[in-house]
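Okay, thanks for coming, everyone.

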Amino acid sequence: MSRDILGWRRLFGVMGPSTNTVVQPDYDMLRPSGVMNHYSRIFTPDSDAVSNESFRAGIAVISGNTMDAVRSVITCHLAGC
């Protein structure tokens with residue numbers, strides 16, 4: 001497999017909740033030359049965790065949507081670099 005022209009050193013798959021606006025820019029600012037971050041968002045409804053029950057419900061939604069984000073990011077062939 002040929003190497004990625006911009007990610008010639010390494011390709012990273014990064015996943016985070018869709019409500020998190022900090023992870024992707026942080027990874028991009030820390031990225032050295034030759035490394036590419038391929039970000040996939042885990043769909044997360046914007047809800048308040050005001051009780052243990054609502055927090056657990058939010059975690060369950062994130063858990064249920066994580067594999068969709070994984071399937072999306074692995075199409076970049078991360079291990080092939």
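So, Thr44: buried or exposed? Thr44 counts as buried, because its relative accessibility is 11%, and buried here means under 20% relative accessible area, with exposed being over 50% and partly exposed in between, using a 1.4 Å probe and protein chains only. Before I go on, this is a predicted model, so local features need pLDDT of at least 70, side-chain atom pairs count only at pLDDT 80 or more, and totals for chains, interfaces and linings use all residues. Residues are numbered from 1 along each chain as its sequence is written, and side-chain values use heavy atoms, with hydrogens and water left out.

Back to Thr44. You'll find Thr44 in the loop between strand 2 and helix 2, and that helix covers 52-73. What does the side chain of Thr44 reach? The backbone oxygen of Ile42, at 2.9 Å. That's a polar contact, meaning a pair of N or O atoms within 3.5 Å; within protein, one must be able to donate a hydrogen and the other to accept it, and residues adjacent in sequence count only if both atoms are side-chain atoms. If you skip the neighbours within four places in sequence, Thr44 is in contact with Pro17, Ser18, Thr19 and Ile62, where contact means heavy atoms within 4.5 Å.

Next, Asn37. Asn37 sits in strand 2, residues 35-42, and at 15% relative accessibility Asn37 is buried too. Asn37 and Val73 are 36 residues apart in sequence, and their C-alpha atoms are 10.0 Å apart in space.

Over in strand 1, residues 10-17, we have Arg10. Arg10 has 36% relative accessibility, so Arg10 counts as partly exposed. From Arg10 to Pro32 is 22 residues in sequence and 9.9 Å in space, C-alpha to C-alpha.

Okay, zooming out. There are 2 helices and 2 strands, and from the N terminus on they run β-α-β-α. The radius of gyration is 15 Å, well over the 12 Å that the globule rule gives for 81 residues, so the protein is more spread out than a compact globule. That radius is taken over C-alpha atoms, and the rule is 2.2 Å times the number of residues to the power 0.38. Along the principal axes, the C-alpha atoms fill a box of roughly 50 × 25 × 15 Å. Buried residues make up 21% of the 81. And of the contacts with a separation of 6 or more, 72% come from residues 24 or more positions apart.

Technical notes: Helices (H or I, at least four residues) and strands (E, at least two) are DSSP runs, numbered from the N terminus.
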